[in-house]
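Please open the structure in your viewer and keep the selection tool at hand.

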Amino acid sequence: MVAEDITFSSETVLLAGTLYKPDTETKCPAIVVLHAADGGTRQHKFYNHLATQLPVRGSAVLLFDRRGSGHSGGDFGTASFDTLASDGSAAVDYLRSRDDIDEERVGLYGISQGGWIAPLVAGKRSDIAFLIIISGCGVSPAEQMDYGASYSLRQAGFPEQVIAQAVSLRNRVNEYYRGRIPREVVVAELDRAQNEPWFQMAYLPTSERVPEDVTKSKWWYALDYDPVPIWQQIEVPTLFLFAERDRWVPIAESMTEYGMATAHMRDVTMVQVEGTDHLMGQVNNPETFQVSDGYIEELMSWLAKRL
């Protein structure tokens with residue numbers, strides 16, 4: 001394997017990354033990795049297996065620091081999904097410009113939030129060879145966070161009545177972002193609830209963190225994004241891998257939504273990988289993160305048949 005630190009531009013923003021590729025003189029296929037929400041730099045532990053496993057199987061992989069993270073310029077705080085998709089598209093352009101990359105075999109790998117970004121890239125261009133979506137969520141960010149809060153509270157043993165109360169307050173905050181509730185009203189509601197034992201586990205902001213200008217908050221750009229319609233514009237081979245147990249993604253609902261949205265496509269594979277969590281780690285070994293062997297097998301088997 002050869003590792004090369006690179007930079008590329010997305011309009012006026014300079015993005016930094018590392019290209020890992022086979023040590024060969026022949027052109028090779030390549031994969032652009034699009035980030036999980038909390039995995040904005042190429043050093044995130046989840047990406048390690050891609051850098052080590054893919055090049056030895058003949059494929060290059062580009063890991064880059066998301067805008068506003070690591071050594072990349074730009075501002076992540078107000079970057080819309082379309083902006084992040086433009087960055088992903090710029091990464092594809094960069095790879096296709098290289099003499100050592102087969103420009104006909106450049107695909108996208110999206111993990112978690114990256115599962116929303118990857119199809120946006122593919123929907124804007126006709127030269128994406130394939131898509132790999134890991135723990136992709138088939139509902140809006142607002143619905144996803146309601147699910148995550150409910151999961152967290154249920155795991156902590158709170159009754160359904162409390163969970164409903166927490167989700168209701170989350171929805172009130174979202175209504176403020178949508179411009180339907182005055183800030184002073186939602187702030188007062190948060191103040192009344194913030195000493196409740198369930199408050200932090202519901203992923204709610206304290207009143208001090210409610211912005212006066214919602215357009216300067218990333219949540220305003222994202223909360224009602226519908227991840228399903230873009231798939232009507234996509235035809236390329238696609239792999240969906242879902243966890244067995246996921247605290248952030250409603251698995252059954254997401255598999256149903258994406259199944260219907262991709263019914264027109266000829267080559268779609270959808271697998272729920274036994275013994276895995278959201279980042280494809282082993283459920284039975286949560287203390288030491290290690291990606292599942294079953295996930296690796298599913299991923300590499302699918303790629304081997306299409307590269």
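This is a predicted model: local features need pLDDT of at least 70, side-chain atom pairs count only at pLDDT 80 or more; totals for chains, interfaces and linings use all residues.

A cavity is a set of grid points where a 1.4 Å probe fits but cannot get out.

**Stop 1: the cavity**

How many cavities of 30 Å³ or more are there? The count comes to 1. The largest cavity holds about 70 Å³ of space. To find it, select Leu 34, His 35, Phe 64, Arg 66, Leu 84, Asp 87, Gln 113 and Ile 117, which line this cavity. By class, this lining divides into 4 nonpolar, 2 polar and 2 charged residues.

**Stop 2: helix α3**

Among the buried residues of α3 are Gly 114, Trp 116, Ile 117, Pro 119 and Leu 120.

Now select Ser 112, in the loop between β5 and α3. Ser 112 has a positive phi of about 55°, although it is not a glycine. Its relative accessible area is 11%; because buried means under 20%, Ser 112 counts as buried.

**Stop 3**

Display its surroundings: leaving out residues up to four places away in sequence, Ser 254 touches Gly 136, Cys 137, Gly 138, Phe 242 and Val 249.

**Stop 4: the largest pocket**

Next, turn to the open space. The largest pocket has a volume of about 1,400 Å³. Of the 44 residues that line it, select Ala 37, Gln 144, Met 145, Tyr 203 and Trp 248, the closest to its centre. The lining of the largest pocket consists of 22 nonpolar, 13 polar and 9 charged residues.

Which helices supply at least two residues each to this lining? They include α4 (141-155), α5 (160-177) and α7 (218-222). Helix α4 gives the most, with 5 residues.

**Stop 5: helix α4**

Helix α4 has 15 residues and reaches 21 Å from its first C-alpha to its last, close to the 21 Å expected at 1.5 Å a residue. Helix α4 is mostly covered, as 11 of its 15 residues are buried; among these are Pro 141, Gln 144, Met 145, Asp 146 and Tyr 151.

Within α4, pick out Ser 150. Its relative accessibility is 12%, so Ser 150 counts as buried. Apart from neighbours within four places in sequence, Ser 150 is in contact with Ile 163 and Val 167. Just after the helix, Gly 157 takes a positive phi of about 90°.

**Stop 6: the nonpolar cores**

In soluble globular proteins, nonpolar side chains tend to be buried together. In this model, the largest nonpolar core has 50 residues. Select Phe 8, Leu 95, Leu 108, Leu 131 and Trp 231, which have the most contacts inside this core. Helix α2 (residues 81-96) provides the largest share of the core, 8 residues. A second, separate core has 30 residues, including Ile 31, Leu 54, Ile 296 and Leu 303.

Not counting residues up to four places away in sequence, Leu 95 touches Leu 19, Ala 30, Val 32, Leu 62, Ile 101 and Val 106.

**Stop 7: two loops**

The tour ends with two loops. Select Glu 11, in the loop between β1 (2-10) and β2. Is Glu 11 buried or exposed? With a relative accessible area of 77%, Glu 11 is exposed. Glu 11 also has a positive phi of about 55°, although it is not a glycine.

Finally, select Thr 24, in the loop between β2 (13-21) and β3 (28-34). Thr 24 is partly exposed, with a relative accessible area of 32%. Thr 24 and Met 1 are 23 residues apart in sequence, and their C-alpha atoms are 8.6 Å apart in space.

How values were computed. Residues are numbered from 1 along each chain as its sequence is written. Side-chain values use heavy atoms; hydrogens and water are left out. A nonpolar core is a set of buried Ala, Val, Leu, Ile, Met, Phe, Trp, Tyr and Cys residues joined through side-chain atoms within 4.5 Å. Buried means under 20% relative accessible area, exposed over 50%, partly exposed in between (1.4 Å probe, protein chains only). Helices (H or I, at least four residues) and strands (E, at least two) are DSSP runs, numbered from the N terminus. Contact means heavy atoms within 4.5 Å. On a 1 Å grid over the protein atoms alone, a cavity is a set of points where a 1.4 Å probe fits but cannot get out, and a pocket is an open set with protein on both sides within 12 Å along at least five of seven lines; lining residues have an atom within 4 Å of a point. Grid points are joined across faces, edges and corners, and a volume is the space filled by probe spheres set on the points. Ala, Val, Leu, Ile, Met, Phe, Trp, Tyr, Cys and Pro count as nonpolar, Asp, Glu, Lys and Arg as charged, and the others, Gly among them, as polar. The expected span of a helix is 1.5 Å times one less than its number of residues.
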